[in-house]
Amino acid sequence: MVKVSLNPEQVFAAETIASGEMSSGDMIPELKHQQLKNRKFPDKPSDNDTEGDGSFVFEANEAWKDYHNSLCQFYEAKELCDITLKVRLPLLPVDFLMGVVAKDNMIRQNLKCRDLLDEARNYHLHLSNMPVPDFEYSIRTTPRKHTAGVLFCVGGRGGAGDPFRSIECYSIGRNSWFFGPEMNSRRRHVGVISVDGKVYAVGGHDGNEHLGSIEMFDPLTNKWMMKASMNTKRRGIALASLGGPIYAIGGLDDHTCFSDVERYDIGSDLWSSVAPMNTPRGGVGSVALGNYVYAVGGNDGVASLSSVERYDPHLDKWMEIKEMGQRRAGNGVGELNGCLYIVGGFDDNSPLSSVERFDPRTNKWEYVAELTTPRGGVGVATLMGKIFAVGGHNGNVYLNTVEAYDPMINRWELVGSISHCRAGAGVAVCGCLVNQIRDVGQGSSNVVDCM
């Protein structure tokens, strides 16, 4: 019997080989096939948890052996092709995809199954920055709404000036936000990231002093827990995770912009220093992509930067790469489809609406559609195949609006607004389910006026 542990974004693909949150164990389809009508299956999920594309829903409470036996019945009925067209194989972890699915004789003997397997393999190669001619994204490369994760907006500050300890959580199914449990500390210009289904808030400023502390939110307990502090107190830092550890990059205090980079080991709850960047960067943006951690823009204490560098953890070395077209600090950075997206920020004086995309496979930058409004101090994250830009400041007021970029149509569109107008918030997508997080307030039904 095969057992595998998956998070909601790695669901064993489409309502035929993945959907639903997985712990240990694997999947069995909730099939509506006449030949299988006498089998017992889990209760049907609610309408809110399904999508009208004809896909089958899988539950993570049966063994692969049982699921495989069910597939055999489709195979014998010559309907395996119909099933496999609904599969989202690309969302599987590559080791499970190649170690289990690719070795199955039924899959290997079916041409359409093999085509889908090739698509999944090419998807993983594409995300690893390998050249894959004619690769195209499809619905099978996009998580389903109820397994895509939860967008967190953490801390920041508004017109009153005091930093927030509040967090807001976005339900993509309802297109609305609600308040989750508050942090222990107020934090503006805080670094936020999600790793292994937990959310980490690092550093920032509490209104009185700079912080080196870190706290972690666990959706299973709905509590924030304090963890070991960084060595350097700072705000305007960026976080990235590559291969497990969290990297805290750059930042500033009232006197210095930092080139320092610290690495946090989650298991041991310990911080250590790694190679510093070549350039000090406060208000820097960062994301991990492929085998590197990227540091984009920021301010060196004199001016906003267009330069970009990336870190190779195997060499413990930062190297500069091709610079952006626009100088910017306080920008958001996201990763989508193997590309970096650099969103908004400030030049030396004004907030920006421009957005740039970098493809490391071609080493080229290009501008894409602009935001609907300038956003400096914007939070950015990727959810359901779109880049979300949350809050910020447009030069006149703090913003509570949120917009999402769809690369298929090269357009930004407004989605549900957060309640508190805020800039300098940390934004991340947590691999958990929306109903795991305790709603502590009215959320988007209680939107306040922005100043």
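Tutor: We begin with a term: buried means under 20% relative accessible area, exposed means over 50%, and partly exposed lies in between. Please keep in mind that this model is predicted. Asp 269 has a relative accessible area of 25%, so Asp 269 is partly exposed.

Student: Where is Asp 269 placed?

Tutor: Asp 269 lies in the loop between strand 12 (261-265) and strand 13 (270-273). Its phi is positive, about 55 degrees, although Asp 269 is not a glycine. Asn 410 is also not a glycine and has a positive phi of about 50 degrees. The loop that holds Asn 410 runs between strand 24 (402-406) and strand 25 (411-415). With 38% relative accessibility, Asn 410 counts as partly exposed.

Student: How should I read the pairing of strands?

Tutor: Strands of a sheet pair through backbone hydrogen bonds, either parallel or antiparallel. Here, strand 4 (residues 167-171) and strand 5 pair in the antiparallel sense over five bridges. Within this pair, Tyr 170 stands opposite Trp 177 of strand 5. Four residues lie between the strands of this hairpin, where Asn 175 takes a positive phi near 50 degrees.

Student: Is strand 5 mostly covered or uncovered?

Tutor: Strand 5 (residues 176-180) is mostly covered, with four of its five residues buried.

Student: In what order do the strands of the open sheet stand?

Tutor: The order is 6-7-8-9, with antiparallel pairing among the four strands. Strand 6 (191-195) and strand 9 (223-227) are at the edges with a single partner strand each, so one side of each has no neighbour in the sheet. From one strand to the next, the twist averages 25 degrees. Inside this sheet, strand 7 (residues 198-202) and strand 8 (residues 214-218) are joined by four bridges. Ala 201 has Glu 215 in strand 8 as its bridge partner.

Student: How many salt bridges does a search of the whole structure find?

Tutor: The search finds twelve salt bridges. In one of them, the side chains of Glu 262 and Arg 234 meet at 2.9 Å, N to O. This pair links distant parts of the chain, 28 residues apart: Glu 262 is in strand 12, and Arg 234 is in the loop between strand 9 and strand 10 (238-241). Both Glu 262 and Arg 234 are buried.

Student: Which residue forms a salt bridge with Arg 361?

Tutor: The partner is Asp 359, and the closest N and O atoms are 3.0 Å apart. Arg 361 has a relative accessible area of 24% and is therefore partly exposed, whereas Asp 359, at 18%, counts as buried.

Definitions and conventions: Residues numbered from 1 in each chain as written. Predicted model: local features only at pLDDT ≥ 70, side-chain atom pairs only at ≥ 80, totals over all residues. Heavy atoms only, no water. Buried < 20%, exposed > 50% of the residue type's maximum accessible area, 1.4 Å probe, protein only. Helix = DSSP H or I, 4+ residues; strand = E, 2+ residues; numbered from the N terminus. Pairing = 2+ DSSP bridges. Axes fitted to C-alpha atoms, helices over the stretch in contact; angles between N-to-C directions. Salt bridge = Lys/Arg side-chain N within 4 Å of Asp/Glu carboxyl O.
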